[in-house]
Structure formats: structure tokens, C-alpha cells
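Please open the structure in your viewer and keep the selection tool at hand. Each stop below names something to select and then says what is there.

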Amino acid sequence: MDTTMGPAANGAVGCPASAHGAPIMSAAPAAGEASLGRHLARRLVQVGVGDVFAVPGDFNLTLLDHLIAEPGLRLIGCCNELNAGYAADGYARARGVGACAVTFTVGGLSVLNAIAGAYSENLPVICIAGGPNSNDYGTNRILHHTIGVPDFSQELRCFQTITCYQAVVTNLDDAHEQIDTAIATALRESKPVYISISCNLPGLLHPTFTPDPVPLYLAPKMSNKMGLEAAVEATVQFLNKAVKPVLVAGPKLRVAKAARAFGDLVDSSGYAYAIMPSAKGLVPETHPHFIGTYWGAVSTAFCAEIVESADAYLFAGPIFNDYSSVGYSFLLKKDKAIIVQPDRVTVGNGPAFGCIMMKEYLSELAKRVQKNTTAYENYKRIFVPEGHPLKGEANEALRVNVLFKHIQNMLTSDNAVLAETGDSWFNCQKLKLPEGCGYEFQMQYGSIGWSVGALLGYAQGANDKRVIACIGDGSFQVTAQDVSTMLRCEQNSIIFLINNGGYTIEVEIHDGPYNVIKNWNYTGLVDAIHNGEGKCWTAKVKCEEELTAAIETALGEKKDSFCFIEVIAHKDDTSKELLEWGSRVSAANSRPPNPQ
């Protein structure tokens with residue numbers, strides 16, 4: 001991982017070297033001394049964190065001084081804790097690990113929703129909270145930023161169910177062990193962790209802290225060799241007797257770091273392969289045997305027919321929930337499925353094999369499976385190329401399918417796409433990604449507003465890509481403030497704000513007056529946030545001619561600027577996939593209680 005990013009100029013929070021920002025005087029110890037704050041900062045840099053997304057508060061201020069003082073670590077000041085957490089989520093998607101820093105309770109409870117989302121999406125996010133003075137623990141004192149009782153554990157208890165490890169550092173003797181264990185656990189489990197550090201400890205020295213700590217070493221997880229051999233043998237027998245087997249990539253390929261091994265299996269087997277929607281961007285879509293997104297009734301054209309008619313399907317890292325199964329309407333049979341999870345394999349109705357690492361398993365399987373191109377040949381026989389949106393009249397109201405036709409034409413290997421919860425899920429899913437083009441969305445948790453903070457973090461972590469985010473107006477209203485931070489960080493992302501007057505995805509599940517929102521002047525809002533500081537360009541488009549001109553400007557004259565394009569769309573202009581998906585999810589939600 002790249003850890004060469006330099007510190008902020010003069011310790012300025014949230015600013016690259018050329019940006020404006022008021023310097024914060026660091027109270028960190030002199031070079032060569034080893035304090036708790038220095039140790040934590042060094043550890044973050046060592047594991048690949050170059051940016052920490054933070055909101056200051058009196059319990060974490062001293063700690064933030066030490067993070068600022070660390071070469072290679074930059075502090076990005078966010079407008080609120082929720083967005084700081086979402087930014088750490090986005091950064092972890094781009095760089096493999098992310099971090100945020102908040103203050104005690106009022107900050108910690110504000111970031112909870114973002115950390116829960118990272119947990120559901122299997123992202124290693126290190127959430128650092130400044131805690132009370134160590135002398136206040138175990139006393140009868142009531143502190144500010146609490147719920148008014150002398151028990152300080154309420155924040156910890158909230159984090160226990162949404163993190164895989166919690167460290168409350170109130171003394172120096174075990175601080176080294178707690179910090180290292182927390183960070184190592186986040187990386188090993190690919191889940192968030194919580195570290196609370198008493199506000200009076202960051203600047204203190206201790207013999208366990210050295211100026212340049214030995215880098216963390218995580219022993220790689222290894223398969224049970226006999227189990228691996230048995231699992232591969234059972235799978236080879238299962239697949240080799242199938243007539244038209246297929247492969248389907250799932251989102252846990254990321255956790256298992258097995259995307260390349262999956263590609264090797266595709267090459268050696270000759271099978272047709274698809275992706276689950278939340279695996280988009282993890283494996284190439286340019287391979288000739290790629291047949292699209294398998295999403296049940298809302299799959300890309302001809303994909304579900306091939307997958308569901310196969311007599312054997314191997315799912316690598318799937319998550320089957322009500323959203324990914326379109327209201328539990330998949331037409332899959334367990335006895336035809338091989339389910340490969342990061343550390344477990346189940347073949348049909350059995351047997352099952354534990355302690356099997358997905359990456360090793362797929363690599364070994366690629367060496368032994370027989371080539372079989374039948375499913376792909378069947379796909380080629382039935383495939384009919386997609387049509388194009390109807391050509392509109394001059395200055396006709398812009399349709400969403402026309403918007404995404406133009407977004408498709410924008411994409412190169414130098415881009416990444418972020419899709420907000422809503423109809424953008426379905427429209428972005430149909431985009432054909434060039435080799436190397438990134439793609440992210442939050443399918444398991446589906447928290448509206450996620451994409452604004454995640455865009456901030458992803459763009460900061462993947463600074464070699466220009467990120468294109470597709471965000472609905474309702475979602476944008478939840479987290480809009482951190483457009484400000486994107487400007488401070490001189491990011492050149494492009495946001496397409498789809499203004500259709502409400503929560504369209506909720507309308508298709510269950511409509512009501514609560515799905516209509518107050519319209520904003522979105523370009524005016526972003527211009528006000530810009531306030532003449534930094535590079536920012538906005539446009540409001542209502543027809544294809546205006547859209548074409550706006551995209552040309554964003555990719556040309558304003559290619560180094562943050563670009564915000566508000567797209568005015570009709571409230572009923574949705575993808576056909578959302579209409580189908582919404583009705584099926586609605587049916588699943590409205591099932592009557594089982595008889596008692």
C-alpha cells in the first residue's frame with residue numbers, strides 16, 4: 001500500500017500542501033521521543049493509512065496533535081462524525097484500511113451508523129475516540145458529553161456489536177498491546193475496531209513505545225491441507241460431471257483477497273461467469289466469458305437465464321439477503337450450488353469443509369477443473385445486444401436512461417464509479433466498466449447519504465482516479481455538508497445529482513407523502529459552500545443538449561475542478577429494474593405473520 005503521502009502543510013487540518021487552512025500548533029513530543037500518540041500514528045502509517053478523517057472535540061484534541069505531527073499522515077477535518085465515518089469507509093475501499101477520529105460519546109455515537117455500515121460491508125476501519133481523563137474512571141464524577149451518569153461505558157457498549165474488537169486505553173502499561181491488537185484484528189478480520197484513548201495519555205512516554213516500532217506482522221491464514229485437498233476433489237467431481245456449469249463472483253472476494261484467483265479459475269475452466277451486484281468492480285468485465293450481473297429477476301439481459309438453468313453453479317463469496325435475492329425470489333437450487341466463503345466450502349447439500357481459504361481453494365481448483373464452455377456458448381446463442389434510448393426531440397426533458405448513456409461514454413480506466421442507494425444502484429449496475437475502472441456501492445447496509453462521505457474518502461485514497469458519483473436528491477440532503485471538505489482537499493470528482501423530487505426507491509417499495517422532499521437549489525448550495533475558495537464548477541441541466549455541454553466542460557476546461565452537475569428528472573422516471581425489484585421487496589416486506 002502507498003504510504004508516501006506527506007503531512008499537511010504546517011499541520012493544517014484537512015488541507016493539502018497548496019491549500020488554505022489555519023495552522024494548528026502541535027504539542028507532540030520532540031523527534032526521537034516515543035509517546036502513545038506517536039505509536040498510534042506510526043502504526044496507522046505502517047498499515048497503509050495516509051489520511052485520518054476527524055472531527056475535533058475536547059477529549060481528542062491532544063491526540064489529534066500527534067496525528068498531525070506524524071510524517072506521512074494527514075488529518076482531514078470533516079463537517080460531522082457521520083461523514084467522517086463514511087469517508088473512512090470509502091478510504092478503506094480504495095486503500096484496504098481506513099481510520100477516523102472522534103470525541104467521546106457525542107462524537108462516538110454520531111459515527112455509529114457509518115461504522116455499522118463498514119461492519120456490514122466487511123471493511124477494516126479503525127475508529128479512534130478520545131476518552132475521559134484516566135483519573136475519572138471508577139469515580140462518581142459526572143462528565144460533559146455523557147448521558148449524565150458516572151458510568152462511562154455507554155459508548156463502548158454501543159460499539160461492541162458493530163466492531164470486532166474494542167480497546168479502552170486508560171493506562172500506559174498495556175496501551176501498546178491494546179493498540180496493536182486492535183489494528184491487527186481489524187486487518188485480520190476485515191471489520192472495524194474501536195480504540196478509546198484517555199485524553200491525558202497521548203503525550204506520555206513509556207518504555208514499550210519506541211521511536212520506530214517494529215512493523216506489525218500478520219501471519220497469513222492457512223488452509224487445512226487435508227481439508228483443502230478433500231474440498232477441491234469433491235468440487236472437481238461435482239463440476240466435471242455437470243453439463244453447463246457457471247461461476248458467480250460475490251462481494252466477499254474482497255475480504256478473501258481472491259479476485260485474481262477467481263480470474264484464474266475463469267481462464268482455466270472456460271465457464272461463463274457473472275457477478276452478484278455487490279461484487280461489481282472486483283473482477284474484470286472485459287473478459288470474453290463475462291455474461292453480466294446476476295441479480296435474480298433484475299439481472300442484466302440473458303444472465304439470469306444462463307445462471308439459473310445451469311446444472312452447477314459456484315458462488316465465490318456470496319451474500320444472500322432480501323435485497324440481493326430480490327425479495328427471496330432467486331430460482332436457485334441448493335443441490336446444484338457450491339458455496340465458497342472466505343474460510344469455508346459447501347458442495348451441494350454436503351459435504352462442507354471448514355478452515356479452507358478461498359484464495360488457495362480457487363487457485364487449486366483452477367489447476368484441476370476440466371474446461372467446459374457450454375454455458376458460454378449457450379449465452380452467445382441467445383444473446384441480443386442491448387438497444388439504445390430513444391432519440392429525443394430538441395430540448396426535450398432529459399430522461400435518466402439518456403443520462404447514463406452519456407456516463408457510460410465517459411468511463412475509462414482512470415475513473416471509478418460510486419452509486420448511492422436508490423435507482424442509481426440499478427442504472428450504474430448496467431454500466432460496462434473498462435478494465436481498471438473502480439466501482440463501489442453499499443448494498444448490504446444501504447444507508448442513504450453514504451455516498452457523499454464515501455466519495456470524499458475514496459477520492460482521497462484513490463488519488464490516481466477521477467471519481468464519478470451518482471447521487472439522488474434525497475440522499476444528498478442527508479450528508480451534503482462534506483462537499484466542503486472535498487473542496488478543501490482539492491478533489492476533482494464529478495457528482496451527478498439526480499433531482500427527481502424525493503425518495504424514488506422508497507416510492508417503488510411503498511409510496512406515501514413521506515417520500516416527497518423539499519426541493520433545494522442544489523447548484524446554488526454548492527456554490528455557497530464553494531464561496532470562491534478552491535476549484536469548483538456547477539451546472540444545472542434539463543435536456544440532453546445541456547448535459548452534453550456540461551460533460552464536455554467537466555472533462556475539458558474543468559478537468560482539474562470539483563464538478564457538480566444537477567440533473568432535473570421526472571419523479572416517475574425510473575429504471576425498469578427498480579420497478580421490478582421494488583414490487584418484489586415490497587411483497588417480501590408485507591408477508592403476513594406465520595400462523596401460531
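Predicted model: local features only at pLDDT ≥ 70, side-chain atom pairs only at ≥ 80, totals over all residues.

The tour goes from the whole chain to a sheet, then to a helix, and ends with single residues.

**Stop 1: the whole chain**

The protein chain contains 21 helices and 19 strands. Its C-alpha trace spans about 70 × 65 × 55 Å along the principal axes. A compact globule of 596 residues would have a radius of gyration near 25 Å, and the protein chain agrees with that, because its own value is 25 Å. Of the 596 residues, 56% are buried. Now consider contacts in the protein chain with a separation of 6 or more: 76% of them are between residues 24 or more positions apart.

**Stop 2: a sheet of seven strands**

Select strands E7 to E13. In what order do the seven strands of this open sheet lie? The order is E9-E8-E7-E10-E11-E12-E13, with mixed pairing. Why is one side of E9 and of E13 left without a neighbour in the sheet? Strand E9 (290-293) and strand E13 (352-354) stand at the edges, and each has a single partner strand, so one side of each has no neighbour there. From one strand to the next, the twist averages 15 degrees.

Strands of a sheet are paired through backbone hydrogen bonds, and the pairing is either parallel or antiparallel. Zoom in on strand E8 (residues 272-275) and E9, which run parallel and are joined by two bridges. Pick Tyr273 and look across to E9, where its bridge partner is Phe290.

**Stop 3: helices across the sheet**

H9 lies across strand E7 (246-249), E8 and strand E10 (313-316), and it runs at about 165 degrees to E7.

**Stop 4: helix H6**

Clear the view and select residues 175-189, which are helix H6. H6 has 15 residues, and from its first C-alpha to its last it reaches 21 Å, close to the 21 Å expected at 1.5 Å a residue. Show side chains for its buried residues, among them Gln178, Ile179, Asp180, Ile183 and Thr185.

**Stop 5: Thr479**

Select Thr479, which is in helix H16 (residues 473-479). Is Thr479 buried or exposed? Thr479 is buried, because its relative accessible area is 1%, and buried means under 20%. Leaving aside neighbours within four places in sequence, Thr479 is in contact with Leu82, Asn83, Tyr86, Gly449 and Val452.

**Stop 6: the cysteines**

How many disulfides does the structure hold? The number is zero. Cys78 is in no disulfide, and the nearest cysteine sulfur, that of Cys79, is 7.2 Å away. Cys78 is buried, with a relative accessible area of 10%. Finish at Cys428 and Cys470. The sulfur of Cys428 has its closest cysteine sulfur in Cys470, at 3.8 Å, which is too far for a bond because a disulfide needs the two sulfur atoms within 2.5 Å. Cys428 also counts as buried, at 0% relative accessibility.

Conventions: Residues numbered from 1 in each chain as written. Heavy atoms only, no water. Buried < 20%, exposed > 50% of the residue type's maximum accessible area, 1.4 Å probe, protein only. Helix = DSSP H or I, 4+ residues; strand = E, 2+ residues; numbered from the N terminus. Expected span 1.5 Å × (residues − 1). Contact = heavy atoms within 4.5 Å. Pairing = 2+ DSSP bridges. Axes fitted to C-alpha atoms, helices over the stretch in contact; angles between N-to-C directions. Rg over C-alpha atoms; globule rule 2.2 N^0.38 Å.
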